[in-house]
Amino acid sequence: MATQKALDRTYMMMAMELAKLSSAQRAKVGAIIVKDTHIIAEGYNGTPRGFNNVCEYYDYADHLHTKPEVLHAETNAITKLARSTSSSDQSTLYVTLAPCYDCSKLIIQAGIKRVVYDGSYLRDGLDLLEQAGVEVQKVKLEEEIRWMT
């Protein structure tokens with residue numbers, strides 16, 4: 001049986017590959033929800049089903065903005081579970097970028113017990129997860145991937 005560290009690294013690399021499917025220009029994010037070593041859902045940032053999958057727009061001053069209808073990778077993965085028979089209770093979420101505050105609320109409500117992430121830009125979502133008793137762990141895959149190539 002693989003060690004937890006090896007599983008974390010493998011699932012995180014899968015989330016990084018999944019992030020490449022996003023059409024976002026500013027940040028491509030991937031998320032995978034795993035329960036008992038089985039992937040039960042995945043998602044990447046993009047627009048809702050049936051929408052043109054363009055995530056950003058330029059304003060009159062040529063500044064890039066994210067469209068308000070864009071779903072974060074974590075939200076996409078959690079809502080996919082809502083359409084299935086699987087439960088995210090006691091699962092682990094692997095996400096390439098630390099969850100924002102709103103996604104952290106969904107993670108808590110979904111019963112996810114552990115969040116493993118690679119990059120971060122805001123701390124408030126992580127603080128909320130820790131306050132709720134969700135285990136939070138950062139992995140630094142970028143350094144490992146550079147070494148492997």
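The largest nonpolar core has 20 residues, and those that touch the most other members are Ile33, Leu93, Val95, Ile107, Ile112, Val115 and Leu129. A nonpolar core here is a set of buried Ala, Val, Leu, Ile, Met, Phe, Trp, Tyr and Cys residues joined through side-chain atoms within 4.5 Å; buried means under 20% relative accessible area, exposed over 50%, and partly exposed in between, with a 1.4 Å probe and protein chains only. At least two residues of this core come from each of β1, α2, β5, β6 (114-119) and α4 (124-131), and α2 is the top contributor with 4 residues. Helices (H or I, at least four residues) and strands (E, at least two) are DSSP runs, numbered from the N terminus. There's also a second, separate core of 12 residues, with Ala15, Leu18, Val34 and Tyr94 among them.

A quick word on what you're looking at. This is a predicted model, where local features need pLDDT of at least 70 and side-chain atom pairs count only at pLDDT 80 or more, while totals for chains, interfaces and linings use all residues. Residues are numbered from 1 along each chain as its sequence is written, and side-chain values use heavy atoms, leaving out hydrogens and water.

Leaving aside residues up to four places away in sequence, Val95 touches Met12, Val29, Gly30, Ala31, Glu74, Val115, Val116, Tyr117 and Asp118, a contact being heavy atoms within 4.5 Å.

Now take helix α3 (residues 101-109), whose buried residues are Cys103, Ser104 and Ile107. Looking down the axis of α3, they fall within an arc of 105°, so they line one face of the helix; the arc is that of the directions from the helix axis to the C-beta atoms. In general, an α-helix has 3.6 residues a turn, so residues three or four places apart point the same way. The cover over the buried residues of α3 includes α2, β5, β6 and α4. Just after α3, Gly111 takes a positive phi of about 80°.

Gly111 also turns up among the contacts of Ser88, along with Ile40, Leu81, Ala110 and Ile112, again not counting residues up to four places away in sequence. Ser88 sits in the loop between α2 and β5, yet it counts as buried because its relative accessibility is 9%.

Gln90 lies in that loop too, between α2 (73-82) and β5 (92-97), but counts as partly exposed at 47% relative accessibility. Its phi is near 70°, a positive value in a residue other than glycine. Asp36, in the loop between β1 (30-35) and β2 (38-44), has a positive phi as well, near 55°, and counts as exposed at 62% relative accessibility.
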